[in-house]
Amino acid sequence: MITHTDKKAMSAVFITFSGNCKKALTFYQSCFGGVLQVKSFEKEFPSNKEIVVSGSLLAEGITIHGSDLVHNEGRKLGNYISVFLGCRDREQRRELIEKLTGTKKKPFDGNYDEQKLIELTDPFDVRWVLGVLDQ
């Protein structure tokens with residue numbers, strides 16, 4: 001089981017979602033495996049929608065934290081930030097491209113294996129940059 005109980009500093013990504021945090025983190029668990037923990041508001045909202053206060057996915061090589069709570073200025077989509085993930089080889093990157101694109105149209109035509117970095121957007125509008133460590 002993957003845990004982060006030691007006191008060393010570690011890097012992770014935090015993503016604010018628009019009411020679909022649990023669905024998104026469950027999707028990422030299907031891509032990366034790992035242990036998913038979700039804490040929701042205890043009170044029920046009029047929409048009967050589950051609002052995630054905090055969620056985390058601890059997987060081999062990546063930790064993703066998320067929430068449905070947004071800052072006062074609201075959630076804004078943009079291209080100013082992407083999640084970088086270093087893949088051990090081209091085969092792992094190909095597998096992640098297939099998983100992360102889900103049912104979306106495949107982002108590439110032809111052979112992209114020689115490209116150092118591949119950028120794609122997942123079904124939750126999160127941008128990913130996948131690199132290959134063996135290049």
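## About the model

This is a predicted model, in which local features need pLDDT of at least 70, side-chain atom pairs count only at pLDDT 80 or more, and totals for chains, interfaces and linings use all residues. Residues are numbered from 1 along each chain as its sequence is written, and side-chain values use heavy atoms, with hydrogens and water left out.

## A three-stranded sheet

Let us begin with the open sheet, whose three strands run in the order β5-β7-β6 with mixed pairing. Its edge strands, β5 (83-87) and β6 (117-121), each pair on one side only. From one strand to the next, the twist averages 25 degrees. Strands (E, at least two residues) and helices (H or I, at least four) are DSSP runs numbered from the N terminus, and two strands pair if DSSP finds at least two bridges between them.

Strand β7 (residues 127-132) and β5 pair in the parallel sense over five bridges. In β7, V132 is the bridge partner of C87. Helix α2 (residues 90-101) packs on the sheet and touches β5, β6 and β7, its direction making about 165 degrees with that of β7. Here contact means heavy atoms within 4.5 Å; axes are lines fitted to C-alpha atoms, for helices over the stretch in contact, and angles run from 0 to 180 degrees between N-to-C directions.

## Three salt bridges

A salt bridge is a side-chain nitrogen of Lys or Arg within 4 Å of a carboxyl oxygen of Asp or Glu, and the count comes to three. One of them joins E50 and K22, with the closest N and O atoms 3.5 Å apart. E50 lies in the loop between β2 (35-40) and β3 and K22 in helix α1 (residues 21-32), so the pair ties together parts that are 28 residues apart in sequence.

R94 forms a salt bridge with E91, at 2.9 Å between the closest N and O atoms. These two residues, R94 and E91, are three residues apart in helix α2, so about one helical turn separates them. The side chains of E119 and R127 also meet in a salt bridge (2.3 Å, N to O).

## Partly exposed residues

Is D125 buried, partly exposed or exposed? D125 is partly exposed, with a relative accessible area of 43%; buried means under 20%, exposed over 50%, and partly exposed in between (1.4 Å probe, protein chains only). D125 sits in the loop between β6 and β7 and has a positive phi of about 60 degrees although it is not a glycine.
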